[in-house]
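I opened the notebook to record what I looked up in this model. The entries follow in the order in which I made them.

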Amino acid sequence: MPEEVPTVVEIESVPIKHAKDHKLLILVFASVVISLMMVTVSLYLYSSTGAEQLDLSRPGYVDARNNDGERPKAFEGFSPTGDLDKAALNEFSDLYDVKLKEIVDIDAYNADVLSPKSLGIE
Amino acid sequence: MPQITKKYTFIFAAAIAAASLAGIGTSRAIEESADTQVETMKSKCTELTSSLSQLERSDTLLRNNIGDAYLTVSKELMVPLNQRIAANQLDGGALVEIAAKYKDTYDDEFYVDFKEYEISLSETLKISCRDQPREFYEGITESRDKRKKLYRSSKKIISLAQEYKKEYVAFKKQMIKDAQ
């Protein structure tokens, strides 16, 4: 009776894929996650700080933005340095009077606009 | 004596009853008026929504312009003058105080009030005035109250700017007097 020779089975080693082999994929995924987090934070800040309410680039505000016309020339303002002599005091008075008139003349946010009479629902 | 007490008790009770009836009457009148307004609103829905949207846009534009003007008064005029007064070692305590109040009113009242008003108005505009006229009406009422608050803070800023001017005139007079 012939002796049975044990068969040697050669097992091929299967390469185990480690995280370091997927560097690119992980990088892409992490970048997407980080940018999503940053977008969420910035959107939260955008709406919570009141910036949203002032944003004229929102849809529907194009007309309002266009009607704004030309931007007024930049206001120079009063210099914080120098002597405070009569000429400087007069210069301040002139500058201040212009700006004060500007803000006093506009009757901003009068609540009558939303009264039943103004809305025609009286 | 007990009769007088009784008499007064009766008068007091009658007065309370009359006041309650008047109160009920007034609140009923307000309710009826609100109902009429809700019905009118329902019929003028499209017109109303359109004018409110327009108001929202013009308010935002106004907020940008008026906000700039308010800030300019503080940043370009009040603060530099106060710095110049301090640099020249002069007494401008009252001016500094008003300038600080002005800035606080802008940051803590005007800025916040506009934000709340704008949110209220835009939330109202999201309500369908045809399907939910009562909610739409309440939204308008709330926006009106918020606008009143905003108006008050805007007026407060203006009054502080005027107060600063008055104080400045007194300061200037004193300066010229001292120089002579």
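I began with burial in chain B: of its 180 residues, 26% count as buried. I took a residue as buried if 20 or more other C-beta atoms lie within 10 Å of its own, as exposed if 12 or fewer do, and as partly exposed in between, with C-beta atoms placed from the backbone.

I note that this is a predicted model, in which local features need pLDDT of at least 70, side-chain atom pairs count only at pLDDT 80 or more, and totals for chains, interfaces and linings use all residues. Residues are numbered from 1 along each chain as its sequence is written, while chains are lettered from A and ligands numbered from 1 in the order in which they are written.

I then looked up the elements of chain B and found four helices and zero strands, in the order α-α-α-α from the N terminus. Helices (H or I, at least four residues) and strands (E, at least two) are DSSP runs, numbered from the N terminus.

Next I turned to contacts, for which the C-beta atoms of two residues, placed from the backbone, must lie within 7 Å. Within chain B, 77% of the contacts between residues at least 6 apart in sequence join residues at least 24 apart.

I looked up the domains of chain B, whose bounds come from an automatic or database domain assignment: domain 1 covers 1–43 and domain 2 covers 44–179. Seven residues from domain 1 of chain B and nine residues from domain 2 of chain B take part in the contact.

I went on to the interface, where 38 residues of chain A are in contact with 47 residues of chain B. On the chain A side, helix 2 (51–54), helix 4 (86–105) and helix 5 (116–119) each supply at least two residues. Helix 4 of chain A gives the most, with ten residues.

Last, I examined the nonpolar cores, that is, sets of buried Ala, Val, Leu, Ile, Met, Phe, Trp, Tyr and Cys residues joined through C-beta atoms within 7 Å. The largest has 28 residues, and those with the most contacts inside it are Leu77(B), Met78(B), Tyr102(B), Ile157(B), Ala161(B) and Tyr164(B). Helix 4 of chain A and helix 2 (45–87), helix 3 (93–126) and helix 4 (133–179) of chain B each supply at least two residues of this core. Helix 3 of chain B has the largest share, nine residues.

Which residues does Ala161(B) touch, not counting those up to four places away in sequence? I found Leu100(A), Ile103(A), Val73(B) and Tyr102(B). Another core, of eight residues, lies apart and includes Leu119(A), Ile121(A), Met41(B) and Ile140(B).
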